[in-house]
Amino acid sequence: METTITKSSLFYRYFKEWYELYKVGAVRTVTLQKYDMTYHHLIALAPTLTLNQIDRKTYQQLLNLFADNHERQTVLAFHHHLRSALLDAFDEGLIKTDPTRKIVVKGMAPVPKKAKYLNQFELHAVLSDLDLSDTPNWDWFLLLVAKTGLRFAEALAVTPKDFDFTHQSLNIKQTWNYKSANGGFQPTKNFSSKRRIQIDWQTITQFSQLVKDLPEDEPIFVNGRVFNSTVNNQLRKHCENVGVPVISIHGLRHTHASLLLFAGVTIASVARRLGHSNMTTTQQTYLHIIQELESQDTDKAMRFLSGLI
């Protein structure tokens, strides 16, 4: 790409050339879309801002403007994108100082969060409300996610061939590109996402009957364009039917992991089952549950130790 950027170039133009040079082909499509969104925010917020006008004050004003109608976590992501580009601009001599130094990230108060997961009794009520017909439908999809903790795109990509009925397991090796109108298989989120998940005997038996006459290499649940909202609406219907908090399909994944942790399954095992690249991700996501379990462990330890006298 021909470089025509100078100190007097518009900031949004520099940012676009920067992320196209360093990010295209290096990050996943969904991540690239976030950089593109930042680029369009820049055009809207600072259409005339040039590189040589950027200092700590103007950069803080830009962040504050963005923070007026965005939550702090969103502002933080916006800042991280811009900071990466500005540090390179500083190294290239296009700006005199690092304008991101000692920046204060602000933002709107977060809106109340919806329930992220169900407890054991709530999940049982939802699963009991499913209509598991003789052919694949979204209720079967909900059952699969509830029993495996698969990501939405992973579950869409499951084919009959992925099941190992002899060893009661499911092989996850790809995802389905549901965000594209053309669909199609695509790689997993990361290397750790390729995994083999053990499934209870009842569920594996149910699916063995469901898929026995289906094409081995074709997705079980994909029949045309698939939208996340379709499955979420189906799950909402069941939650409302049985009077439990409404969660999303991703919340069903959280439910799966949470119930395993409460059942005493180790963090390492849950991390592998979810396809997390490391246990840190699992610990951060389920910190509140882990802290509650640690409190219970402390009580158990004290009762045990007191009995040694």
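**A conversation about the model**

Author: Asp 36 is partly exposed, with a relative accessible area of 28%. This residue is found in helix α2, which covers residues 29-45. Please keep in mind throughout that the model is predicted.

Reader: How far apart are Asp 36 and Lys 16, in sequence and in space?
Author: They are 20 residues apart in sequence, and their C-alpha atoms are 7.8 Å apart.

Reader: Let me step back. How many helices and strands does the protein have?
Author: There are 13 helices and five strands. The C-alpha trace spans about 65 × 65 × 35 Å along the principal axes.

Reader: And what share of the residues is buried?
Author: Of the 309 residues in the protein, 39% are buried. The accessible surface comes to about 17,600 Å², and carbon and sulfur atoms account for 53% of that area.

Reader: What part of the contacts comes from residues 24 or more positions apart?
Author: Such residues account for 66% of the contacts with a separation of 6 or more.

Reader: Now the sheet. Which strands form it, and in what order?
Author: Three strands form an open sheet in the order β1-β2-β5, with antiparallel pairing. β1 (163-164) and β5 (195-198) stand at the edges with a single partner strand each, so one side of each has no neighbour in the sheet.

Reader: What holds paired strands together in general?
Author: Strands of a sheet pair through backbone hydrogen bonds, in either a parallel or an antiparallel manner.

Reader: How many bridges join β1 to β2?
Author: Two bridges join β1 to β2, the latter being residues 169-172. Asp 164 stands opposite Ser 169, and Phe 163 has Leu 170 as its bridge partner.

Reader: What lies between β1 and β2?
Author: The two strands form a hairpin with four residues between them. In the turn, Gln 168 has a positive phi of about 50°.

Reader: Take Glu 17 and Arg 13. Where do they sit?
Author: Both are in helix α1 (residues 11-22), four residues apart, which means that about one helical turn separates them.

Reader: Is Glu 17 buried or exposed?
Author: Glu 17 counts as buried because its relative accessibility is 15%, and the cut-off for buried is under 20%. Arg 13 is partly exposed, at 39%.

Reader: What about Asp 200: which residue forms a salt bridge with it?
Author: Asp 200 forms one with Lys 147, with 3.4 Å between the closest N and O atoms. Asp 200 lies in the loop between β5 and α8 (201-210), whereas Lys 147 is in helix α6 (residues 138-148), so the pair ties together parts that are 53 residues apart in sequence. Asp 200 is partly exposed at 30% relative accessibility, and Lys 147 is likewise partly exposed, at 23%.

Reader: One last topic. Where does His 256 lie?
Author: His 256 lies in helix α10 (residues 249-262). This histidine is buried, with a relative accessible area of 7%.

Reader: And which residues is His 256 in contact with, leaving aside neighbours within four places in sequence?
Author: They are Val 145, Ala 146, Lys 147, Thr 148, Gly 149 and Arg 273. Lys 147 is the residue that forms the salt bridge with Asp 200.

How values were computed: Residues are numbered from 1 along each chain as its sequence is written. This is a predicted model: local features need pLDDT of at least 70, side-chain atom pairs count only at pLDDT 80 or more; totals for chains, interfaces and linings use all residues. Side-chain values use heavy atoms; hydrogens and water are left out. Buried means under 20% relative accessible area, exposed over 50%, partly exposed in between (1.4 Å probe, protein chains only). Contact means heavy atoms within 4.5 Å. Accessible areas come from the Shrake-Rupley method with a 1.4 Å probe; for residues, only the protein chains shown count as cover. Two strands pair if DSSP finds at least two bridges between them. A salt bridge is a side-chain nitrogen of Lys or Arg within 4 Å of a carboxyl oxygen of Asp or Glu.
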